[in-house]
Amino acid sequence: MIDYYYCTYICLQLNVSCQMLVPDYIPQTKLSRILELDVKIKKVPFTQWWDAILSRTYDGIGQSTFIHPCDYNVMAGHGTIGLEILEDLPDVDTVICPYGSGGLITGVSSALKHHNKSIKVLACEPETATPLHVSLKAGKPLAFENHRSSFVDGMGGKNVLEEIWPYVSHLVDSSIVLSLEEIAEAIRILINRNSLVTEGAGAAPLAAALSNKVPNGTIVCVLSGGNIDSNKLVTILNGQVPT
């Protein structure tokens, strides 16, 4: 999803009022960073928040602009990640991105495949929410019937958005389903071997790369977030999976 903190920061730099609609399971770490910028926060249940994503609006916003995670300008911004990958590693074979609403991977893949259509772009999803995996398998956008929340809060929507399906169906080669244990292990590896703290969605691409489900070659993992609550992180470092 859109990075709440940086979206808020830019609004403040432009002297534009901003209100954030966030799901009730948002990590306290991420929420605290937003509150540092002194903006209005509207915390709602996940189903209500997801309905706002589906409808592209929310009651009470008035004349305000609703910034959607799959807005064309947002996805174009994500495309710069693909350009940076090509600049640093022009011979890349495979790029792995987390899949939430689809905006991130659409932007990244658009840039990569415009340069070289043979580059594989793979999504990854937690086993608790795999709408893209089932949609690609069926050849049409579907909802994931057994959706449930987990510590991997930065990804895992209920369904593939209708407006994003024409893009991801052509720009994403496949989606790798990961267990929560695999994602927790990737978080541990990144901390212990690279001194890099990531949230579940950020570590998921590494978990996918280590799963033996990715073709051999030069692989890039897009680690897209580092907001994880300390209590969950401690649980993971102790070899367990947060509830």
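**Reading the labels**

Q: What makes D173 partly exposed?
A: Its relative accessibility is 36%, and in this predicted model partly exposed covers what lies between under 20% for buried and over 50% for exposed. D173 therefore counts as partly exposed.

Q: Why is K113 called buried?
A: The cut-off for buried is under 20% relative accessible area. K113 has 12% relative accessibility, so K113 counts as buried. Its place is in helix α5, residues 103-115.

Q: How do you know that K113 forms a salt bridge with D173?
A: The test asks for a side-chain nitrogen of Lys or Arg within 4 Å of a carboxyl oxygen of Asp or Glu. For K113 and D173 the closest N and O atoms are 3.1 Å apart, so the pair passes that test. K113 lies in helix α5 and D173 in the loop between α7 and β5, so parts that are 60 residues apart in sequence are tied together.

Q: What makes the side chains of K113 and D173 a polar contact as well?
A: Here the limit for a pair of N or O atoms is 3.5 Å, and the two side chains make their contact at 3.1 Å. Setting aside residues up to four places away in sequence, K113 touches I119, K120, V121, L171 and D173.

Q: How many salt bridges does a search of the whole structure find?
A: The search finds 3. One of them is the K113 and D173 pair, and the next two questions take up E163 with R56 and R188 with E185.

Q: What makes E163 and R56 a salt bridge, and what does the pair tie together?
A: Their closest N and O atoms are 3.1 Å apart, and the limit is 4 Å. E163 is in the loop between α6 and α7 (165-171), while R56 is in the loop between α3 (46-55) and α4 (72-88), so the pair ties together parts that are 107 residues apart in sequence. E163 counts as partly exposed at 29% relative accessibility, and R56 counts as partly exposed at 35%.

Q: What makes the phi of S195 worth a look, and is S195 buried or exposed?
A: S195 has a positive phi of about 55° although it is not a glycine. It is found in the loop between α8 (180-194) and α9. The cut-off for exposed is over 50%, and S195 has 68% relative accessibility, so it counts as exposed.

Q: What about N212: where does it lie, and is it buried or exposed?
A: N212 lies in the loop between α9 and β6. Its phi is near 65°, a positive value in a residue other than glycine. With a relative accessible area of 77%, N212 is exposed.

Q: Why is α9 called mostly covered?
A: Of its 10 residues, 9 are buried, including G200, P205 and L206. What covers the buried residues of α9 includes β3, β4, β5, α8 and β6.

Q: Why are β5 and β6 at the edges of their sheet?
A: The 4 strands form an open sheet in the order β5-β4-β3-β6, with parallel pairing. β5 (174-178) and β6 (219-221) each have a single partner strand, so one side of each is left without a neighbour in the sheet. Neighbouring strands are turned by 25° against each other on average, direction ignored.

Q: What makes β3 and β4 a pair?
A: Two strands pair if at least two bridges are found between them. Strand β3 (residues 94-98) and strand β4 (residues 120-126) have 5 bridges in the parallel sense, so they count as a pair.

Note on methods. Residues numbered from 1 in each chain as written. Predicted model: local features only at pLDDT ≥ 70, side-chain atom pairs only at ≥ 80, totals over all residues. Heavy atoms only, no water. Helix = DSSP H or I, 4+ residues; strand = E, 2+ residues; numbered from the N terminus. Axes fitted to C-alpha atoms, helices over the stretch in contact; angles between N-to-C directions. Buried < 20%, exposed > 50% of the residue type's maximum accessible area, 1.4 Å probe, protein only. Contact = heavy atoms within 4.5 Å. Polar contact = N/O pair within 3.5 Å; in protein donor to acceptor, adjacent residues only side chain to side chain.
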